[in-house]
Amino acid sequence: METPPLGGAVAVPPLLQVDALTLAFRGVRALSDVSFKVASGTITAVIGPNGAGKTSLFNTISGFYRPTSGRVHFKGQDITEVPTPLRAKLGLGRSFQNIALFRGMTVLDNIKLGRHAHLKTNVLDALFYMGRARREEAALRADIEERIIDFLEIDHIRHAPVSALPYGLQKRVEMARALAMQPEILMLDEPVAGMNREETEDMARFILDVRSEWGVTVLMVEHDMGMVMDLSDHVIVLNFGQLIAQGAPAVVQGDPEVIRAYLGSGDVGDLRQRLHAGIDKREAA
Amino acid sequence: MRIGTLKETYIADAALFDSRTQKVWLALAAGVLLLFPFMATDYWLYLACLVSINVASACGLNILTGYTGLVSLGQAAFMGLGAYTVAILELRVGSPLVLNLLAGGFVAMLGGLVVGIPSLRVKGLYLAIATIAASFIAHFLFANSAFTGGTGGLTLPPAKFLGLVLDTSFRLYWVIVPVTVLMLLGAANLFRTRVGRAFIAIRDRDISAEVLGIALLRYKLLSFGLSSFYAGVAGGLWAYFFRVVTPESFPLSMSIFFLAAIIVGGMGSMLGAILGAVFMTMVPELLKLGVALLPHGAELTVFLSPVRTMVFGLLIIGFLVFEPHGLAEVWRRVRRFFHLWPFRN
Amino acid sequence: MDWAYLFEISLTGIASGGLYALAALAFVMVYKATKVVNIAIGEMLMIGAYLFFTCAVTFALPLWLALPASLLAAGALGALIERTMIRPLLGEPPISVFMVMVGLSSVLVGLVELIWTADQRRLPELVPNTPIMVGEAFLAPKVFYGALTASVLIAVVLLVFRFWRGGVALRATASDPAAAYSMGINVPRVFSLAWVASAMIAAVSGIIVGSIGGISSSMGVFGLSVLVVVIVGGLDSVLGALVGGLMIGLIEALAGAYLGGEYKLLVTFIVLVMVLMIRPYGLFGTHEIERL
């Protein structure tokens, strides 16, 4: 079920395009013939029940899994064969579902690591730490402090070891590191998982600001329907590795296939009523 | 983090030694290092040189194992490569000392690349096993080649540096210690840059590191090559110091010695490498002293070698089980205690 | 081409391959159950042989008593190792346990040298001295009986693994200890059992190898060939241990015969490097797909 992208039909190529992506591991089909486009400057949410293949989709776009068939295009370029480390340099940023911060380092070092692909210091520069290494490090530090640490309000913990931080702050540091990657598209895997109401709202604010202030396109896997409905321009629904619906949030939410995927079969009309009633109640609150 | 250390520029914040106290400690250490040779006996000078060589090698192993998380049991073999290179160059070519040391480092680094390329593409464990294999192959080559003097090995004349003949521990001290300090500084600098950060990332979570843009094989090889280079230079210093290099000089147990050194000292910390190397070098000396003091001391010296082997193993196990962050962590606890005193409750 | 000689060498090679397979089995057992790479496997072999030496020679026990006594002692040692070195490190990165095993190998070698010095010792004769002839080919009796014992023991272990519910528990615990716990499997006991069994099998290996070539504190070098065997076969594959063992045994025997004794280990390691380049997970090992 497809609806035309927002903004009308323009001949601007999508930032990210996934064509007939199939991923099969020894008989398990994690992804089956998934195709969609992500337009530049949009926030797109990927939703679906657990095990639907959302993280596998991210991992395939990241290059960690080689698709069994299908192509991935980024900025008009076919990146399906591009090795994983090079994708970061192209502008593909990402955060992870289970926080993948490096526990042996401080917050600042973790964030600096995000910039790795764009730095130029080589081992000889590093050993002597004169000239290029020193300049690059200073510039990096300044940039991170002023743009990222300030933006995400984590200046009070910059020297803390990440293992000592509470979960919500760790997730924010993870976002900071993903931003340090100077991404053109930011893939967030469950950015608000496990967060309370306040943390979720903060993160939602950050995501919107990232789009408006930084011009970064966002592709996020999310379970929190409030986030999905409020933030996204476009929603993609996966179930059992297949793309079952995509379009504007309001349209997708009413799609019977989607409802059935989440809530199981049953009286769709009755379920739809209850769903709408729930949403209306939230809006009134 | 130290309280009361305000920085006004980012560059200042990134400095290696950033607080007044640290600078004082550093000045003290420099003072001790400079004055020591003039006040010490020959025996202590000998020990100091040996400690310094071990610190240099342990630092290299720490880069690989402590910071990058790859276990190597080939440190001794790469030291051997460096030592033999230096010996051969001194005997057959007569090139200057600095060049020989660098050549030793490079030959060892090449050896490291040869070992690393097949084994680093898979789990880190395979590197460990490949390095054991490398130790045996190196021993085989050293013992069975006329080029390396066969089983008899090679004997070097004393080194010549800046017109002086380095034939006493005192003179060798002034080459060995500065070289070691330079190597330590280089390693410390490494971890202020993206190269060092990449190493730590590989240790902590290598899959995520890759997605963030770190080419795993390339950086693992870099780490291994660097640590082999360090081993090679340390081996070269060893050759100049002992002046005899044989195939038996660099056994597998020496690799275990260095592994113990970084575990005992604290992996992933510069201070740890230093403390560990100092500690481990002193252990055999303390054992010797202890045995001499015992009632039947003279007869017990034959047990020194196996006891030493056992102690190395027990230290590895003991520290990994009870104090995995090593002496460096113990030192940090002591420091914290004094920082908070008299507020400790 | 002296085919008779080739046949004779190959026979010896396969027989010693059986011994490698047995030792490799001890390794695989511990890896399958606790995911620990026991790099001290050679030293555990050595300790088993020395325990037997103590029982049979130092205490002069009759063989029917000395054998089980030494195996029990070896098993106890395995349990001790698991309890003091492996269990405290559960949940730590695998390289920590690996390094502990390196430390263990050092401790065991030092212990042996301390108590028995580095000299080589002989074990009492366990098997009749009549040479075994296969057609025209000569096979040393000790090697033959050793291989026979190894084969029987391997078969027993395989059957136990397959049909006893303990074997299933072992495999369950290996793949997911937390899930195994919640299924009611006594995970610590399974770990202990795996190490006890592994130590005992290694001891049997050590006794056989010791009977053939004498025992010494450098017996642990046998463990290096065993490591190559498990890498060739796959770290967690019992079948791999068998096939790999036979392969390496054969290759080493051929290398020893045609190139010279000192080339044996060199050839083994060349095989290792080749396997690492071509099939790093071994012939039958499982390539684990890690989830991000």
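Visitor: Let me start with chain C: how many helices and strands are there in it?

Guide: Welcome! Keep in mind that this is a predicted model. Chain C has 11 helices and 2 strands. Reading from the N terminus, its elements follow the order α-α-α-α-β-β-α-α-α-α-α-α-α.

Visitor: How should I read the radius of gyration of chain C against the globule rule?

Guide: Set the two values side by side. The radius of gyration of chain C is 19 Å, close to the 19 Å that the rule gives for 292 residues, so chain C is as compact as a globular protein of that length. Along the principal axes, its C-alpha atoms fill a box of roughly 60 × 50 × 35 Å.

Visitor: What share of the residues of chain C count as buried?

Guide: Of its 292 residues, 53% do. For contacts in chain C with a separation of 6 or more, 77% come from residues 24 or more positions apart.

Visitor: Now to chain A. In what order do the strands of the open sheet stand?

Guide: First the general idea: strands of a sheet pair through backbone hydrogen bonds, either parallel or antiparallel. Here 4 strands of chain A are ordered β2-β1-β4-β5, with antiparallel pairing. β2 (28–38) and β5 (77–78) of chain A are the edge strands, each with a single partner, so one side of each has no neighbour in the sheet.

Visitor: Which helix packs on that sheet?

Guide: Helix α1 (residues 54–62) of chain A does, touching β1, β2 and β4 (69–74) of chain A. The direction of α1 makes about 70 degrees with that of β2(A). To follow one strand pair, look at β1 (residues 16–25) of chain A, which 7 bridges join to β2(A). L23(A), for example, has L31(A) in β2(A) as its bridge partner.

Visitor: Where are the domains of chain A?

Guide: The domain assignment gives domain 1 (10–91 + 183–285) and domain 2 (101–180) of chain A. Their centres, taken over C-alpha atoms, are 28 Å apart. In chain A, 10 residues of domain 1 are in contact with 9 residues of domain 2. On the domain 1 side, α2 (84–90) and α7 (197–214) of chain A each give two or more residues, and α7(A) has the largest share, 3 residues. By class, that side has 7 nonpolar, 1 polar and 2 charged residues.

Visitor: And how many residues do chains A and B bring to their contact?

Guide: Chain A brings 34 residues and chain B brings 30 residues. On the side of chain A, α2, α3 (107–114), α4 (123–128) and α5 (132–152) each supply at least two residues. α5(A) gives the most, with 6 residues. That side of chain A has 19 nonpolar, 7 polar and 8 charged residues.

Technical notes:
Residues are numbered from 1 along each chain as its sequence is written. Chains are lettered from A and ligands numbered from 1 in the order in which they are written. This is a predicted model: local features need pLDDT of at least 70, side-chain atom pairs count only at pLDDT 80 or more; totals for chains, interfaces and linings use all residues. Two strands pair if DSSP finds at least two bridges between them. Two residues are in contact if their C-beta atoms, placed from the backbone, lie within 7 Å. Axes are lines fitted to C-alpha atoms, for helices over the stretch in contact, and angles run from 0 to 180 degrees between N-to-C directions. Domain bounds come from an automatic or database domain assignment. Ala, Val, Leu, Ile, Met, Phe, Trp, Tyr, Cys and Pro count as nonpolar, Asp, Glu, Lys and Arg as charged, and the others, Gly among them, as polar. The radius of gyration is taken over C-alpha atoms; the globule rule is 2.2 Å times the number of residues to the power 0.38. A residue is buried if 20 or more other C-beta atoms lie within 10 Å of its own, exposed if 12 or fewer, and partly exposed in between; C-beta atoms are placed from the backbone.
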